[in-house]
Amino acid sequence: MAQDVLCEVNNCSYWAKGNKCSADSIYVVSHKGKTADNSHETDCKTFEPSDI
């Protein structure tokens, strides 16, 4: 499993210094069901907006 997950969405509550993701787990879904052809067809469901 990946040691570092990078994130550039600074208003996510899991965003950490160095563009790291501090979530315990990551949940990614496809817009097309169980498959995706590229990253534009996916979303990170782990995202939660911060109170910044």
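A polar contact here is a pair of N or O atoms within 3.5 Å; within protein, one atom must be able to donate a hydrogen and the other to accept it, and residues adjacent in sequence count only if both atoms are side-chain atoms. The model is predicted, so that local features need pLDDT of at least 70 and side-chain atom pairs count only at pLDDT 80 or more, while totals for chains, interfaces and linings use all residues. Residues are numbered from 1 along each chain as its sequence is written, and side-chain values use heavy atoms, with hydrogens and water left out.

**Exercise 1.** Find which backbone atoms the side chain of Ser30 approaches, and state whether Ser30 is buried or exposed.

*Solution.* Begin with the side chain of Ser30, which reaches the backbone oxygen of Thr35 at 2.3 Å. Next, a polar atom of that side chain lies 3.0 Å from the backbone nitrogen of Lys32. Finally, Ser30 counts as buried because its relative accessibility is 19%, where buried means under 20% relative accessible area, exposed over 50%, and partly exposed in between (1.4 Å probe, protein chains only).

**Exercise 2.** Determine which residues Ser30 is in contact with, leaving aside its neighbours within four places in sequence.

*Solution.* Apply the cut-off for contact, namely heavy atoms within 4.5 Å. With neighbours within four places in sequence left aside, Ser30 is in contact with Thr35, Ala36, Glu41 and Thr42.

**Exercise 3.** Describe the lining of the second largest pocket by class.

*Solution.* Count Ala, Val, Leu, Ile, Met, Phe, Trp, Tyr, Cys and Pro as nonpolar, Asp, Glu, Lys and Arg as charged, and the others, Gly among them, as polar. The lining of the second largest pocket then has six nonpolar, two polar and three charged residues.
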